Each structure stands twice: as C-alpha cells, then as structure tokens.
Amino acid sequence: MTRIAAKFADLKSQGKSAFVSYIMAGDPDYDTTLAVMNGLPGAGVDIIELGAPFTDPMADGPTIQLAGQRALDGGMTLKKTLQLVTEFRKTDDTTPIVLMGYYNPIYSHGVDAFLVDAKAAGVDGFIVVDLPPEEDSELCIPAGKAGIDFIRLTTPTTDERRLPTVLPNTSGFIYYVAITGITGSGSASPETVGREVARIKQSTDLPVCVGFGIKTPQDAAAMAAVADGAVVGSAIVQKLADGDSVETVLDFVKELADGAHSA
C-alpha cells in the first residue's frame with residue numbers, strides 16, 4: 001500500500017477527512033522550507049504538497065507565482081526540490097509528499113531520470129497541471145509503473161463527457177478545484193462543492209480532496225465536511241511572504257488542520 005493510500009485508510013478508520021498543505025520549495029529559502037516541512041506533520045498535516053518553482057506557473061495566482069519567483073531568484077531548482085524531500089525523509093517516513101509543478105523542468109531533467117530520482121527521494125505523487133490525459137504516455141503512465149501516484153485535477157467544468165477521460169490513469173486521490181480560476185482567488189459554497197464531489201465519486205473509488213479558495217479554518221472545516229480532504233496553499237504561502245516565523249506559520253497551519261479534522 002502506498003503512503004497516500006495508507007493515509008486515507010487511516011483517516012477513514014478515524015472518521016476524519018484529510019488536511020493537505022501546500023508550500024513552495026525554496027521560499028523564502030531552502031532552510032526555511034525544510035524547517036516548515038519538518039513541522040507540518042506535527043501541526044496536523046496529513047499530506048504535504050510541495051511546489052516545484054517554475055517560470056510560467058499558469059494555474060497559480062499572484063501569491064504562489066511570487067513565491068515561485070522568490071524561490072527561483074534564490075537559486076531553487078528541481079534537483080534541490082528533490083533534495084528537500086530526501087532531507088525530510090530522514091526523520092519522517094510516513095507522511096505522503098506530493099510534488100506539484102509543471103512539465104518543462106521534468107522534461108529538461110529527463111523523465112526516466114526524474115522518476116528514478118523522485119522515487120529515491122521519497123516522493124509519493126505528482127500533480128502536473130499542464131499535462132492533460134491526452135498526454136498520459138509522457139509522465140502519468142510511466143509514473144504509475146514506477147509506483148508514484150499521478151493526481152489529476154477536476155474542475156467545475158469537468159462535465160460528464162470529460163470525466164471518463166480524466167479518471168482512468170489517475171491514482172492517489174482526485175484534486176477537485178472548487179472554483180473556475182487560479183489559486184488564491186474566490187471561494188465556493190460547500191453546497192455546490194458537495195454536489196460536485198458526489199458527482200465525481202459516482203465514477204471513482206478514489207478520495208476527492210478540495211482546493212482553491214480555502215483560506216480559514218472555517219473554510220477548511222466546511223470543505224472537509226463535503227469531501228475526503230481540504231487543501232490550503234496560498235493562505236499559508238502568504239504567511240511566509242509576510243515574513244512570519246516558522247513557528248507562527250505552523251501555528252496557523254495547525255488551526256487549519258484542526259478545522260479540517262473537526263468536520
């Protein structure tokens with residue numbers, strides 16, 4: 001059983017939804033990222049989504065775009081992102097890590113080499129938003145063969161005609177984007193999201209986690225109540241952008257996690 005599957009099974013046995021936190025690798029610097037990562041499980045994070053900075057992050061709003069730019073300006077690379085995972089795994093071999101990014105750096109690294117390096121580092125899943133199902137042979141299928149989950153995004157516009165194309169090679173969990181927009185913008189009603197999650201779950205046994213537009217513990221609780229998990233990114237990244245200490249950031253994360261777990 002993969003770390004992701006084991007985590008959802010454990011949470012289900014406790015009657016809990018998952019809390020997934022996103023941070024950008026290398027923002028504001030390598031050491032701070034590692035310190036935050038190391039503290040996330042203790043703050044209640046069930047799955048860590050680690051952003052790999054890229055120059056053209058098309059799915060991300062200003063907060064995460066700026067985080068990626070700061071990371072790149074500080075010398076962050078895909079190789080160093082994997083090194084963060086390696087360092088994290090020295091003290092935590094159970095918390096799943098999902099690498100979120102774009103295909104260009106992976107392609108430049110070399111897909112075969114990247115899969116070997118990611119597996120060796122301890123990466124459990126990928127979210128690569130600019131590789132649609134029509135390009136599954138590029139990374140999704142090879143990742144599955146390497147034992148790494150490929151997590152697909154669905155959106156309010158993923159209708160009944162599109163959903164059967166999106167689901168077949170998806171594994172780990174489904175990431176439902178609650179709004180039609182970029183990260184950190186807008187919000188969605190739990191009622192609407194609940195209907196959409198129920199619709200998706202009619203076609204898959206995979207857990208469905210909800211992200212985009214979740215900013216507060218109350219938001220996390222509301223979304224976790226209608227799904228298998230809640231994902232928060234921009235609100236956490238903004239704390240780091242504001243210069244908050246690692247301890248302050250982790251305190252905020254714990255409030256979010258407590259909210260999600262209270263659902």
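Reader: Which residues line the second largest cavity?

Author: This is a predicted model, in which local features need pLDDT of at least 70, side-chain atom pairs count only at pLDDT 80 or more, and totals for chains, interfaces and linings use all residues. Residues are numbered from 1 along each chain as its sequence is written, and side-chain values use heavy atoms, with hydrogens and water left out. On a 1 Å grid over the protein atoms alone, a cavity is a set of points where a 1.4 Å probe fits but cannot get out, and lining residues have an atom within 4 Å of a point. The second largest cavity is lined by A52, P53, F54, L78, L99, M100, G101, Y102, P105, I106, F126 and V128.

Reader: Which element gives the largest share of that cavity lining?

Author: Two or more residues of the lining come from each of strand 3 (97–101), helix 5 (103–109) and strand 4 (125–128). Helices (H or I, at least four residues) and strands (E, at least two) are DSSP runs, numbered from the N terminus. The largest share, three residues, is that of strand 3.

Reader: How many charged residues does the lining of the second largest cavity have?

Author: Ala, Val, Leu, Ile, Met, Phe, Trp, Tyr, Cys and Pro count as nonpolar, Asp, Glu, Lys and Arg as charged, and the others, Gly among them, as polar. By these classes the lining has eleven nonpolar residues and one polar residue, while the number of charged residues is none.

Reader: Which helix supplies the largest share of the lining of the second largest pocket?

Author: A pocket is an open set of points with protein on both sides within 12 Å along at least five of seven lines. Among the 13 residues that line the second largest pocket, the closest to its centre are F8, K12, K201, P207 and D228. The lining divides into seven nonpolar, one polar and five charged residues. Its largest share, five residues, comes from helix 1 (residues 3–14).

Reader: What is the radius of gyration of the protein chain?

Author: The secondary structure comes to twelve helices and nine strands. Taken over C-alpha atoms, the radius of gyration is close to the 18 Å that the globule rule (2.2 Å times the number of residues to the power 0.38) gives for 263 residues, so the chain is as compact as a globular protein of that length. The value for the protein chain is 17 Å.

Reader: What percentage of the residues count as buried?

Author: Buried means under 20% relative accessible area, with a 1.4 Å probe and protein chains only. Of the 263 residues of the protein chain, the buried share is 53%.

Key:
Buried means under 20% relative accessible area, exposed over 50%, partly exposed in between (1.4 Å probe, protein chains only).
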